[in-house]
Structures are given as structure tokens and as C-alpha cells.
Amino acid sequence: MMSIIQLNSRSLTKANLVQFKAHLHKYKPLIAIISETFWKDSFTVKFKSYNVINKNRQNQNGGGVAILIHKSLQFFQFSLPATQTIEAVGASIAVKNNNTDEFIDIISAYIPNGNQCYEDELKLLTQARRSSFILCGDFNAHHGRWETSCNHHNQSGRAIANLLENNEELELATPPDLGTRQNPTTLTYSTIDLALMSPHLALTAEVTKGPHIGSDHLPVHIKINAKPILTLGRAPSWDFKNANWTTWNVKVNEAVNSSEFYSTANPETKYLTFHEALMSATKASNIFLAKPSKKILAEPAQPWWNEDCRKAVAMARKARNAGNPRRGGIICASNIIAWKEKENSKNRIILKAKKIAIKDHINSLSPKSSPAKTWAFVKAWTKGIRAPDLCSSPIKDPETQHLVTLPEEKTRIFALQYDHQKVDIPDRPEFEHAIRSKINASEPNPLNSIITQQELRYGMSNLKSKAMGRDLIHNQMLKNMSQDNKKHLLNLFYAMLTSSYIPDEWKLATIIPIRKPDKPAENPESYRPISLTSCLGKTMEKIVNQRLTWEGFNKRKPINTYAVFLDVAKAFDSTWIQGLLFKLSNRHFEDYPLKVGVPQGSPLSPFLFSVMMDDFPTFPTPGQTLMFADDIEFHIHAENGQKAEELISPYLESISKWSKKWRIKFSAAKSNLVNFNRQKHLQSQPLLFLSGTRIPETEEIKHLGIHLRWAKQTEVAISKSVKLRNLFKILSQAKQGPDMDSLCILYKALVRSKIEYGIIAYGSTCKTRQMKLEVIGETGVMLDVSKVGQINLSLN
């Protein structure tokens, strides 16, 4: 059964929002259909366990509809026709029916005025829908079909009754006289929150009322006979809550010393012995490998939801029931007044608890706070609703163009997507011979010297990641490893280094597709493959990478400036392994500065890519080539486009030959040509081609996070900073807000970092733009604090 909650929240903010999240935590619905959210585009509500699809009312207060979809479900949003009298938003949910994938269309609707509803607009919402369809919301509809005592039908009620009469594919699932809204004045009930469904869903649906949670409408609990496709499988994880690390280290040490670890010269035997010692010691040390939970995660309880909040809600509910004849109460003026007083008291208590919790958390931030703690709070305040991830979205099969929901099918699609060499290209024998001769060389090499304790300490520093590879060795184990066991690990690493042995488990990775920002969720190309590899292997990588440390860029001293920005297609994913090994085998590392690359991400991968790019052709003088990892830019000063074409074309030809030799692909279509000049008249541009494809011209370019048109860069920096004004207003003007030190930390981390990034490049822009940036900076540090008045805070 699929559980749904339907509610007219009458403002899903402040105390109502807190109560609603508590309701979600208790009942764990898969879907929540909300009317009258009162949300604005500048106001975003975040749910930890739900994706949010919403439509806010524009230019007016009130209104707004939303659908909350549990993150274990797969869905996509569909567009609805424009309507004047109905606010609506829709989504399709993936379900399983007779071993086939289907979708249920769900629409959240709200009719603000029951006397102004066009029947044609209702028909538009229900037309061209799937065979499984649900339409829920507050229709403000009165009719005898669902209110037996109703004698005066309004326009909305007649429109829905006619729709049900004339449409055989739609049935009313809401029972008669359910009583979904209680009049705050008379305390009488009416049924205006309705659920319309496809007949096969309506016939088996269970529709009941829930308890009051702040609104004058009651939540409606709906269960339909549908089997949703849930994505609940998670990778196994270790439970370290009750870990006894002393016992674990003793057991590991005993297992290694009693084995053939030191007597054998076989690195594979050493690795298997050490790995088995780490794993077997967990049983006696209260360390357990937790199996993936198949339960649906509930919306977590709010940290400020305390006993006082629970008591206040219970008292308000008791006062409401005292005036409810259906609950044995009596309708009278004194009961109504008492109920309203309890409601107001409840709201005050909830908001007070929330403010105290936020104040305590902000004041715990200090200059000594960890950056992770500060940024976690910053993101919680400033980030909007998270976009659906891979688990929540179907994927379009590039071959059939059909949406795929099964994890096995998604895996197949991504496997094809990430296979960048579908045809087996033979290796070059001369490269293979050179690689083998270097590996088997007998002369000593400082790269193969004994690994020191200091190097191991560096490799095991900053072990923050909770992800682990296929060998199940966790960073927490490495962090708590004793000195004796670290000596065993040193011996293992040195044996592997001198014998060129790499365990098979280190060569395997769990690929996690992470969606790129603002990319369509159903497109497999919108996901970046992130590899989860062995924690032990990454420690070894850090040690090797430190030995291969390089420094600096190739620095040279460097009318019209013609600049070309090249795009390397699938930079890390398409690196040619044999070519890389050939370059490594012919490299002399001592005191040899590399020209390109900086470490980022995986400890060793950026270095290896830098080696691959190290002999990239450089633009002959007077041109200049600048490289940062896979971001490549070259430019030249020329009088006109024809002269620039004569100078640049031979260089592009050399790049094409180099890329063909080393099997690195450049995307000419994604590369750009920009002419930087102060001339106002139209100029002829050079015709530049890379591997037979023309490089397009553009007026603006974003390089390394900087827009290379100062007007645009200034506008972006100001826009990002202005969005944070509301945050500082809330924090600084709250009666129980944060102290000045905490506000300084947030200002430096949020505003000043955005203004100053790239300032060395665009800081020489015109005075007008500089003034705009200064105004933003001054606005950010003028903080209105009610306790001490207005303070000028200088952070220079």
C-alpha cells in the first residue's frame, strides 16, 4: 500500500511547519499533498527525507500548492495547463504493476474561491492523464454528493459533481461527511478537501482523518493499492558506536604476529593476512557491519521539539475537543475562547523553543569552530530545495528513449555512458617495451626508498571520509590504529611498493553518479561518476603522490587579444593508460618542475593526469599558453582577425597531432574564441579549426569561476551577496540572535569570500563597478542588533 497525506496547511510556516514535520515523523507517508502553503519564491522549506515540488502564488499573499515525495520514490514533474481559478502542480510516481513499470499521475490542486471555478479548467487538469491518476486538494466545494446535509451547492461543488458524472475514468474516494475542516467560529465541520482517483484506485482506497496539527483543516490519510518502486538499498556500513579500539588493536597485533606476515616475501600473502586481521578483530571488539536498512526513513524530529512543545500541542488539541460534539464536547463561547488561547500559547512555546535552539547553535560557532560545522549551518540557512538525485529520478534510455526505473537497467545505462573506449584499441609495442625496461631496471631510484613513519603519518592525516571501498576497511579503523599495527602497515606498504603489487580490491571502485548542478535529472549525461575506492589504497596513494610532488607553473613574461579556451572531453575518464605509463617510465622526478596541474579530489589521479598533459604543446612567442589541470587557455596579441588566424592555426594543428598521438580528445564545439578589445566598430574574426571542427566565437566566457567581462563578474558577485541579506537581517535582528563574533565568521565565509574571489583579476575595473562592490561590503557589515543599536563592524 502507498500512504499519502492530504492537507490544507493554512500557512506551512513557523509553528505550523514544526507540527507538520512532527506529523511526518510519526506517520511516515510516502507522499504529502499540500494546499495553501503560503510559501514565496524567496522562502524555501527543506525536508530531509522528501523532495519538494511546489508552485507559489505570485504577487499576492496566501495560496500555493506543493507535493512532498519521499526520497526513496522515483518521480518526475510534469507541466500542467495554465488556469485562472485553480492553483495546481503535478508529478508522476513510478510504481510496479504485474512486473511492469508504470506511473501514477498525482496533482495537488487548490481552488481559492468555491464560487469562482471553471468546469473547463477542471477538465483540462484531468485530460490526457495516465490510467492511474490522483487529484487531491482543497476545492472549497460544497455539494450533497459528499456533504449529505448540504442544501446550497456552490459553483466548485457543481463543477466537480458534473466532472464525476461525465467522466467514467474518475471516482470520488473521499467518504461522505468525512469532516475535513472545522469552522473556527462555530466549530462545525464541512468536507471540502477531496480526493479524486482512477476507479481501480478509488475502489480499494482507505481514506481517514488524522489529528489536528495547527490548521483549521484536518490531515486526510489515504492508502491506495499500489506498489511503489522504492530505492532503499544502501551500501553496508560499520557500526562503531560501542567499538572497543583497545581490544581491536590487540587482536589485530596478535593475528599479524602469529601469522606468516614477516616470514613471507609475497606481498599478496602479506596483504591478505593484514586484511584478515583487521576484519576478524571486529567480532571481539563490538564492531559490526550493519546491513542496509529496508525501512522507509521518516522525516527526522526537529532538535527543538521538546517536552514543552508536546505538552502545548496536547493541551491545544484537548481544548479544541472540548468544543467538539463529535468528541463529547459542547459548543459554547467560553470553549471557543479557551481553545484559541491554548492555540496561541502553543505557537508561542514552539517558536520560543526554536529560537533558543538556533541561538544556542549559532553562539556555539567561534573562530575556533571547525569549517565543516560553520558551513553545515550556512548551507542549512542559504541552500534552497535540493534537486532530485539519481535514486529519485527515472533515467531515459538513450537507445529506446523510454524512462527506466529499475536499478539494474540504470546500472546498464551508466556502464555504457562511462565506457569511453567501446572499441579495444591495441597497445603500441614500442611503448610497452620502454615501460617494461624501466620497471625491470636495476639502478636505485629514490622513489622506491623505505617508507618512513613521517610519510605514513602524512598519509593517515585528515581521514574524514565515511565512504569505503570494496575491501570494507574504514577510515575510522585507520584513525584508531595503534603504533604497533602502524608498523605492520608500513611493512606492507613497502613490500607492495618494491614489488609493484596492487591488490585486486584496490583496482575496483563503486561508482556513484552525482548529478551536476542545474542539469536534467533524467539525462544520464547529467551525472558525474564519483569512485569510492579503498581507504587503505588512498592512504598509499597519498604517500606516493607526496613523493611525486611538483611545484609551480611554467611562467613566462608575457590592439586585440585573441584568446582560445579549450575543452578537454572527459578529461579524467578518457586518460590513455599505456601512454600514461610510458610517460611515467621516462620521467626523471628529482628537481623537475611540472608545467601543469594541481592536486584535487583523489590523491593520485590529478598528478597522473598532469603527467599526461605535461608535454602539451606551448604557444610559440609572442603567444602564451596557460594551463590549470584540464582548463587550457592560450592567447596572442594581433592587429586583426586575419593576422591572428595566421598565428594561431599552426598551433592548433600541433595540438591536433598531439591529441591524436596521446588519445586525448578535445571538444571543439565546447571550446570558445574570445576577442578582448576596446574597439567599438565591428571586426573580422579569425576562422579557427580544431581537428576539422570550427571553434565557435563568443562574447563572454567563464574561466576558473571568473567571468572575463568585468561588468558581468561584478554583477554576479553582487547578485550572490545580495541574496544573503535576508539571512543577516534575520540573524542580526532576532531578539535572541547570535553574538557579534559569530556574525563576523558568517560574513567572512559568505559575503567577503564571494566579493574577493578573483579580485586580483577584475579589481582594476572601472570606479563605478568598484563602488558597487564597496556598497555591498559596507551593507554586509552594518548589522542592526536590537540590544546594542547599530554597529559599524570593520573587517578590513
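## How to read it

Residues are numbered from 1 along each chain as its sequence is written. In this predicted model, local features need pLDDT of at least 70 and side-chain atom pairs count only at pLDDT 80 or more, while totals for chains, interfaces and linings use all residues; side-chain values use heavy atoms, without hydrogens and water.

## Glutamine 19

Helices here are DSSP runs of H or I with at least four residues, strands are E runs of at least two, and both are numbered from the N terminus.

Setting aside residues up to four places away in sequence, glutamine 19 touches several residues, including Trp305, Lys346 and Ile350 (heavy atoms within 4.5 Å).

## Aromatic pairs

How many aromatic pairs does the structure hold? There are 15, counting rings of Phe, Tyr and Trp (its six-membered ring) with centres within 6.5 Å; planes under 30 degrees apart are stacked, over 60 edge-to-face and the rest tilted. Tyrosine 271 and tryptophan 506 make an edge-to-face pair, 6.0 Å centre to centre with 85 degrees between the planes. These partners are 235 residues apart, with tyrosine 271 in helix H6 (residues 267-280) and tryptophan 506 in the loop between helix H14 (483-499) and strand S20 (510-515). Tyrosine 271 is buried at 3% relative accessibility, and tryptophan 506 is buried at 14%.

Note on methods: Buried < 20%, exposed > 50% of the residue type's maximum accessible area, 1.4 Å probe, protein only.
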